[in-house]
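Hi,

Here is the structure I promised to pass on. Have a look at it first, and then read on for what turned up.

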Amino acid sequence: MRWNGVIQKYRSYLPFDEDVQIISLNEGNTPLIKADRLAEIIAPKANLQLYLKYEGLNPTGSFKDRGMTAAITQAVHEGAKTVICASTGNTAASAAAYAARAGLRCLVLVPEGKIALGKLAASLAYGAEVISIDGSFDDGLDMVREIVERQPIALVNSVNPWRLEGQKTGAFEIIDQLDGRSPDWHCLPVGNAGNISAYWMGYKQYDKGRPRILGGQAAGSAPIVTGKVVEKPETIATAIRIGNPARWRQALEALDESGGIITAVTDDDILASWNLLAKTEGVFVEPASATGIAALKQQIEMGAIDPTNKTAVCILTGHGLKDPGTAVAQATDPHTLPATIEALEKYLAGS
Ligand code: F0G
């Protein structure tokens, strides 16, 4: 069957009007990759069934496209001509792409110097007006929430309920890919907390079993873990550099109702998991996307999660090419050789 995006696939679960014109880039249908080698490393001999939901394979390279197809579709339906968001980068790129496809003007506010190169490049390429602010994501979110009160502009951050409606299809897809079963654990990074809220909505609505939710925050940006707004959030995982999540309350509900856990992982833990993912499974993600794995590894090591015969799904939220700067900074330089077969043979011989 042809895949035409998440709205068409899961239309009966989404509250759109009959006559809505769908704006889609055929998002969704991302692979659920079994990760046996990684499972054996983070939970030796436990028969952990570990799956990677590779959301970086969405059209703009992140999970945001599921929610954005819904938000832009509804914005167009309601007659919007301009959309706006604050973003650490991925929402910006996604909004820019779907706005382009719908012929809308798109403004994105990003924290100066704290947006990964691939996200900036894409937002500009799609024709968004990129506004760099000398503040954090949280400052930008305050600004856009206020401007839409004053001007006829549609807000497409995840405070917009349509974003969660589209995003929840990720939960439907996981259950479908696991042949109608829910995993035992659902692990993911938490920033503004839209994704964790949407997944929980999705699992509840689909009603085919519910996982326990494990959320990971970066230690320097962990307001939900500490219970306190972080005024100056910091982390190498710039996607989740957020100090005051808009969907905080819903995230707590998801954690509470699912018997879940939220934990902080250090930047070193995040990078170690990022490295493991790429080098043991061949899956390249942006650093924030490794946070779910880092959280799972930590909780297993601490004895808080028993992995024995369990199924866990980790959401890999964004593609590695989003943040080439961090990838190159983490790597050793390439080897340089003269362009001769002798030089190559010598290199192979280890001299
Ligand atoms: N992973 C990536 C790659 C992200 O870009 C984000 C959020 C998250 C995880 C966290 O998801 O906010 O729903 O808890 N990025 C937003 C943005 C904030 O502007 O692109 P969340």
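Predicted model: local features only at pLDDT ≥ 70, side-chain atom pairs only at ≥ 80, totals over all residues.

Residues are numbered from 1 along each chain as its sequence is written, and side-chain values use heavy atoms, with hydrogens and water left out.

Helices (H or I, at least four residues) and strands (E, at least two) are DSSP runs, numbered from the N terminus. Lysine 45 is not a glycine, yet has a positive phi of about 55°. Most residues other than glycine have a negative phi. Alanine 193 is another non-glycine with a positive phi, of about 75°. Alanine 193 lies in the loop between β7 and α9 and counts as buried because its relative accessibility is 3%.

The loop between β7 (185–189) and α9 (194–206) also holds asparagine 192, which is buried at 10% relative accessibility. Leaving aside neighbours within four places in sequence, asparagine 192 has contacts (heavy atoms within 4.5 Å) that include Phe137, Ser158, Asn244 and Arg247.

Leucine 188 is in strand β7 itself, and at 0% relative accessibility leucine 188 is buried. Among the residues that leucine 188 touches, not counting those up to four places away in sequence, are Ile196, Tyr199, Leu214 and Ile315. Leucine 188 and isoleucine 262 are 74 residues apart in sequence, but 9.8 Å apart in space from C-alpha to C-alpha.

**Salt bridges**

How many salt bridges does a search of the whole structure find? The search finds 13, where a salt bridge is a side-chain nitrogen of Lys or Arg within 4 Å of a carboxyl oxygen of Asp or Glu.

One of them joins glutamate 173 and arginine 66, with the closest N and O atoms 2.8 Å apart. Glutamate 173 lies in helix α8 (residues 169–177) and arginine 66 in helix α3 (residues 64–77), so this pair ties together parts that are 107 residues apart in sequence. Both glutamate 173 and arginine 66 are buried.

Lysine 168 and glutamate 165 pair too, at 2.5 Å from N to O, and both of these residues are buried.

Glutamate 301 bridges to lysine 297, with 3.2 Å between the closest N and O atoms. These two are 4 residues apart in helix α13 (residues 291–302), so about one helical turn separates them. Glutamate 301 is exposed at 58% relative accessibility, whereas lysine 297 is partly exposed at 24%. Elsewhere, salt bridges that share partners join Lys53, Glu55, Arg66 and Glu173 into one network.

**A charge without a bridge**

Aspartate 323 is buried yet has no salt bridge. Which side chain of opposite charge is nearest to aspartate 323? The nearest is lysine 119, 6.2 Å away; Lys and Arg count as positive and Asp and Glu as negative, with His and the chain ends not counted. Aspartate 323 is in the loop between β10 (311–316) and α14 (324–330), and touches Ala116, Glu286 and Pro287, not counting residues up to four places away in sequence.

Leucine 321 is placed in the loop between β10 and α14 as well, but leucine 321 is exposed at 59% relative accessibility. Beyond residues up to four places away in sequence, leucine 321 touches Gly118 and Phe284.

**A surface patch**

Finally, Leu337, Ile341, Leu344, Tyr347 and Leu348 make up a nonpolar surface patch, with about 500 Å² of accessible area together. Patches take residues with over 30% relative accessible area and no salt bridge, joining like charges within 9 Å and nonpolar side chains (Val, Leu, Ile, Met, Phe, Trp, Tyr) within 5 Å; areas come from the Shrake-Rupley method with a 1.4 Å probe, and for residues only the protein chains shown count as cover. Leucine 337 is in the loop between α14 and α15 (341–348) and is partly exposed at 42% relative accessibility.

Cheers

How values were computed: Buried < 20%, exposed > 50% of the residue type's maximum accessible area, 1.4 Å probe, protein only.
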